[in-house]
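This report goes through one protein model, from single residues to the overall fold. The sequence and coordinates come next.

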Amino acid sequence: MELYFALMACSLAPHIALRELGLPFELVRVDNRTKRTGDGRDFLDINPKDYIAALALENGGWPRVRLQEMLNFIVAELHGGSAPRFRSGLPKTALQLFRDKLFQRLDWLEDRPQTQTCLLGDRFGIADAYLYAVLSWLPRFEIDIALWPARHAYCQRMDARPSARAAHRAEETAAPAR
């Protein structure tokens, strides 16, 4: 394993955890400004999301780790990046900053390999349900999902799922809150 870290970054947490567990790993320093590793590599080739810490596994990763990574991305970047748009009264400049960051994250998601039916393979999972829910907010913010053709096709596939149709129907016909 290789743990990519930067000084004074949250990479300290997995660093401590690896040492607590006594697991073997190589420590690779990253310059947060230049995005270069200690051995001269471009960190963005290692982690295109530009997050430190990054843990490179010899076998490329485990399905559970990939699921956790995707759920964290959806909650922190897409959900968290969309949430401020639900608030009224935010200055236009702030809304534009949130929009720009959200677009960057949607661009990253769009660039993922599109050979799979679902987000993490060909089996529908909780990450698919969550991503679909968050992407369904975009029209409310006057953001056209068609700007990201692969995500648009993904939403169409999710729209066609019986579980999604049943959930939409049930929510639309539920008694209003009092």
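Predicted model: local features only at pLDDT ≥ 70, side-chain atom pairs only at ≥ 80, totals over all residues.

Is glutamate 142 buried or exposed? With a relative accessible area of 72%, glutamate 142 is exposed, because that value is over the 50% cut-off.

## Overall architecture

The protein contains seven helices and three strands. Read from the N terminus, the order of elements is β-α-β-α-β-α-α-α-α-α. The C-alpha trace spans about 55 × 40 × 35 Å along its principal axes.

Of the 178 residues in the protein, 31% are buried. Among contacts between residues at least 6 apart in sequence, 60% join residues at least 24 apart.

The three strands form an open sheet in the order β2-β1-β3, and the pairing is mixed. Its edge strands, each pairing on one side only, are β2 (26-29) and β3 (54-56). On average, neighbouring strands are turned by 25 degrees against each other, direction ignored.

Strand β1, residues 2-5, runs antiparallel to β3 and is joined to β3 by three bridges. In this pairing, glutamate 2 stands opposite alanine 56 of β3. Helix α1 (residues 12-21) packs on the sheet and touches β1, β2 and β3. The direction of α1 makes about 150 degrees with that of β1.

## The loop between α2 and β3

Aspartate 50 is in the loop between α2 and β3. Its phi is near 65 degrees, a positive value in a residue other than glycine. Most residues other than glycine have a negative phi, and most peptide bonds are trans. Aspartate 50 counts as partly exposed, because its relative accessibility is 30%.

Alanine 53 also belongs to the loop between α2 and β3. The peptide bond that joins isoleucine 52 and alanine 53 is cis, with omega at about 25 degrees.

## The largest pocket

The largest pocket has a volume of about 850 Å³. It is lined by 29 residues, and those closest to its centre are Asn47, Lys49, Ala53, Arg66 and Glu69.

Helix α3 supplies nine residues, the largest share. By class, the lining of the largest pocket divides into 20 nonpolar, four polar and five charged residues.

## The cavity

How many cavities of 30 Å³ or more does the structure hold? There is one, and the largest cavity has a volume of about 80 Å³.

The lining of the largest cavity consists of Arg112, Pro113, Gln114, Gln116, Thr117, Cys118, Leu119, Arg151, Tyr154 and Arg157. By class, this lining has four nonpolar, three polar and three charged residues.

## Individual residues

Which helix holds glycine 81? Glycine 81 is found in α3, which covers residues 63-82. The relative accessibility of glycine 81 is 14%, so this residue counts as buried, the cut-off being under 20%. Leaving out residues up to four places away in sequence, glycine 81 touches Ala76 and Phe98. From glycine 81 to leucine 109, 28 residues apart along the chain, the C-alpha separation is 14 Å.

Threonine 34 lies in the loop between β2 and α2 (43-46). Threonine 34 counts as partly exposed because its relative accessibility is 43%. Threonine 34 and glycine 89 are 55 residues apart in sequence, and their C-alpha atoms are 36 Å apart in space.

What is phi of glutamate 142? It is near 60 degrees, a positive value in a residue other than glycine.

Methods:
Residues numbered from 1 in each chain as written. Heavy atoms only, no water. Pairing = 2+ DSSP bridges. Helix = DSSP H or I, 4+ residues; strand = E, 2+ residues; numbered from the N terminus. Axes fitted to C-alpha atoms, helices over the stretch in contact; angles between N-to-C directions. Contact = heavy atoms within 4.5 Å. Buried < 20%, exposed > 50% of the residue type's maximum accessible area, 1.4 Å probe, protein only. 1 Å grid on protein atoms, 1.4 Å probe; cavity = no way out; pocket = protein on both sides within 12 Å on 5 of 7 lines; lining within 4 Å. Points joined across faces, edges and corners; volume = space filled by probe spheres on them. Nonpolar A, V, L, I, M, F, W, Y, C, P; charged D, E, K, R; others polar.
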